Amino acid sequence: MTSGDAAALDDPVGESLRGPHAVLARRRGRAAAYLPDVATFSTVSPAPRAADWDDLARLLGPGGFADLFSGAAVPPQDWEPVFVLEGRQMIRPGTERAEHSHAGVVELGAADVPEMLDLTARTRPGPFWQRTHELGTYLGVRLDGRLVAMAGERLRPPGWAEISAVCTAPEARGQGHAARLVNALTARILARHERPFLHVAETNTTAIALYERLGFETRRRVTFRGYRTPEARVGP
């Protein structure tokens, strides 16, 4: 069984790009980022040098968006802050599989991307792009043929799988779709001998309460940060 060492969750983007998501990475020196249209997350060494920030700036291009997610490293002063958001990282302790009904849950794929993009644009669960579904398994619920709820896997530090993009259309809320999808993903992750975790904004108290009911506990508080790279850089 994969151990799911919790230390991997201290740098979930870096651990994912060095591990299971290496095929979805672009790199320069010790800087890395996901491919365009997959995710905006990027990372540098846990103890970055000035050269690492230069490499990330060149990797993303002048004025590029650097979503540093929950990384603790702060870029140089000439990087323009875009957002700061307080949140928490939650894990589901243990490996026991709870029995839940997954009736009505379907697996989503490339053919469903237009509907997935439409649903996430209307509900805003977090960034979701044309190729985000390539990060892992995505599940959905359809009513009368329409996609009304979805959730999927995003970051993949070794031994772990992040549950993300949990969202339900306004007209379909209050019917337990989100809980059913999170439970279905949890069951799949545990069946692979990995452990589920997730991130949530501190202000999203409704989601936090749902995840706690489903057995998740707060591991640590985090701060999500995004920046724009400097408009001009010397050298190629």
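Below are my notes, charged pairs first.

Ground rules: it's a predicted model, where local features need pLDDT of at least 70, side-chain atom pairs count only at pLDDT 80 or more, and totals for chains, interfaces and linings use all residues. Residues are numbered from 1 along each chain as its sequence is written, and side-chain values use heavy atoms, with hydrogens and water left out.

Entry 1, salt bridges. I looked up the total and got 21 salt bridges (a side-chain nitrogen of Lys or Arg within 4 Å of a carboxyl oxygen of Asp or Glu). One of them joins Glu 202 to Arg 88, with the closest N and O atoms 2.5 Å apart. Glu 202 sits in the loop between S10 (195-201) and H5 (205-213) and Arg 88 in strand S5 (80-91), so the pair ties together parts 114 residues apart in sequence (helices are DSSP runs of H or I, at least four residues, and strands of E, at least two, numbered from the N terminus). Arg 88 is buried at 9% relative accessible area, while Glu 202 is partly exposed at 25% (buried is under 20%, exposed over 50%, partly exposed in between, with a 1.4 Å probe and protein chains only). I also found Arg 88, Glu 202, Glu 212 and Arg 221 linked in a salt-bridge network.

I found Glu 153 in strand S8 (146-153), buried with a relative accessible area of 1%. What does its side chain make a polar contact with? The side chain of Arg 192, at 3.0 Å (a pair of N or O atoms within 3.5 Å; within protein, one must be able to donate a hydrogen and the other to accept it, and residues adjacent in sequence count only if both atoms are side-chain atoms).
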